[in-house]
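Reader: I am new to this one and would like a friendly tour. Could you show me the structure before I start asking?

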Amino acid sequence: MKALSDRPGLGILFICFGVVAISVNDMLIKLLSGGYPLHEIVAVRASVGLVITLSLVKLEGGWSLLRTRTPLLHVARGLMVVLANMTYYAAVAVIPLGQATALFFVAPLFITLLSIPFLGEKVGPLRIGAVVVGFIGVLIMQQPWKEELATSRIVLLLPVISAFFYAILQVMTRKLGLTTRASVLAVYLQVTFLVVAFGFWLVAGDGRYVDRVESEALTFLLRPWIWPDGRDALVMLGLGTLSGFVGYALSAAYRMAEAATVAPFEYVGLPLAILWGWLIFGEWPGASVWAGCALIVGAGLFVFLRERRRQSPAPGRRRLWGRR
């Protein structure tokens, strides 16, 4: 019987399922972004997701699993996810889905940089070079040499900021270790989403601030709550169902296999985002976006491969699916 942390094949299946669900989630939120505020969508999604994740906790061992000696760490972890989500979806409401996803994938490069001061890891010149190449890809997408793109360039920074918050989350997770069940981790995330969403509702749920902003991204954050129609209500319920399983799938993937094994499969989300953008929104990336994508993805995959090589001290170590 393999140990829970020594099941790479199952970990890969979980990460692929989670990434596909995330790509559908992103597409549906972009569909809803023209009529509803982000915090309303998040509140409905988290409510449904919480019911699902609590059911998973019950199946995995009961309510006693929810007890924790580190509640503040769970709160901090949840806030990093909330900040990453808010900045990313504010961008998705304005820019093409594939472009936002590609920019978000600088997260592995941020993780590499943050691991130096916070985890004391040694990062060689090759990985530092890959980080530089990845950020050159960001600059190609940003095109700072074009003055007429100044406003849109601010929006293009949002997925990068989101990636930074996501990287902090991953560094925290790596440092603390995953000693909690995947379902319990997902419950704490859903509770954090609910608290933040209803906090937004109390402060800005009546739309009192929306007339003071011109940015579409800020409008998406500050728009007043409205009762969803039948179709949109079903979409929000679907988002909640996806959310309930995404948190579990990602946590399970990283508990069943090494990060260096499963993390490269997160890049499956990029072609899916481009596909949804083309099929649903009529978006097709331009030459600068393709060039930036190639540099960011190439740099990220290089970093992951170097990390996996570093974690494999012996050539006779088991292969990906546990066979010799």
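Author: Gladly, and please keep in mind that this is a predicted model. Let us begin with S243: leaving aside neighbours within four places in sequence, S243 is in contact with R45 and Q190.

Reader: Which helix holds S243?

Author: Look along the stretch of residues 230-256, where S243 is found. That stretch is helix α10.

Reader: Is S243 buried or exposed?

Author: The relative accessible area of S243 is 9%. Buried means under 20% relative accessible area. S243 therefore counts as buried.

Reader: Thanks! How do α2 and α8 run relative to each other?

Author: A packed pair of helices is described by the angle between the axes and the distance between them. Helix α2 covers residues 38-60, and its axis comes within 8 Å of the axis of α8, crossing at roughly 155°. Angles over 145 degrees count as roughly antiparallel. The two helices, α2 and α8, are therefore roughly antiparallel.

Reader: What is the handedness of that crossing of α2 and α8, and how do the contact residues divide by class?

Author: The crossing in which α2 passes α8 is left-handed. As for the residues in the contact of α2 with α8, they divide into 19 nonpolar, six polar and two charged.

Reader: And at what angle does α3 pack with α8?

Author: Here the partners are helix α3, residues 71-92, and helix α8, residues 182-204. Their axes lie 9 Å apart, and the angle is about 60°. That angle makes α3 oblique to α8. In handedness, the crossing of α3 past α8 is right-handed.

Reader: Which residues of α8 does α3 meet?

Author: From α3, the residues taking part are H74, R77, G78, L79, V81, V82, N85 and M86. By class, this contact of α3 with α8 has 10 nonpolar, four polar and one charged residues.

Reader: Now to F265: how is its accessibility classed?

Author: F265 sits in the loop between α11 (259-262) and α12 (269-281). Its relative accessibility is 27%. Buried means under 20% and exposed over 50%, with partly exposed in between. F265 therefore counts as partly exposed.

How values were computed:
Residues are numbered from 1 along each chain as its sequence is written. This is a predicted model: local features need pLDDT of at least 70, side-chain atom pairs count only at pLDDT 80 or more; totals for chains, interfaces and linings use all residues. Side-chain values use heavy atoms; hydrogens and water are left out. Axes are lines fitted to C-alpha atoms, for helices over the stretch in contact, and angles run from 0 to 180 degrees between N-to-C directions. Helices (H or I, at least four residues) and strands (E, at least two) are DSSP runs, numbered from the N terminus. Angles under 35 degrees count as roughly parallel, over 145 as roughly antiparallel, 65 to 115 as roughly perpendicular and the rest as oblique. A crossing is left-handed if the near helix is turned anticlockwise from the far one by less than a right angle, and right-handed if clockwise. Contact means heavy atoms within 4.5 Å. Ala, Val, Leu, Ile, Met, Phe, Trp, Tyr, Cys and Pro count as nonpolar, Asp, Glu, Lys and Arg as charged, and the others, Gly among them, as polar. Buried means under 20% relative accessible area, exposed over 50%, partly exposed in between (1.4 Å probe, protein chains only).
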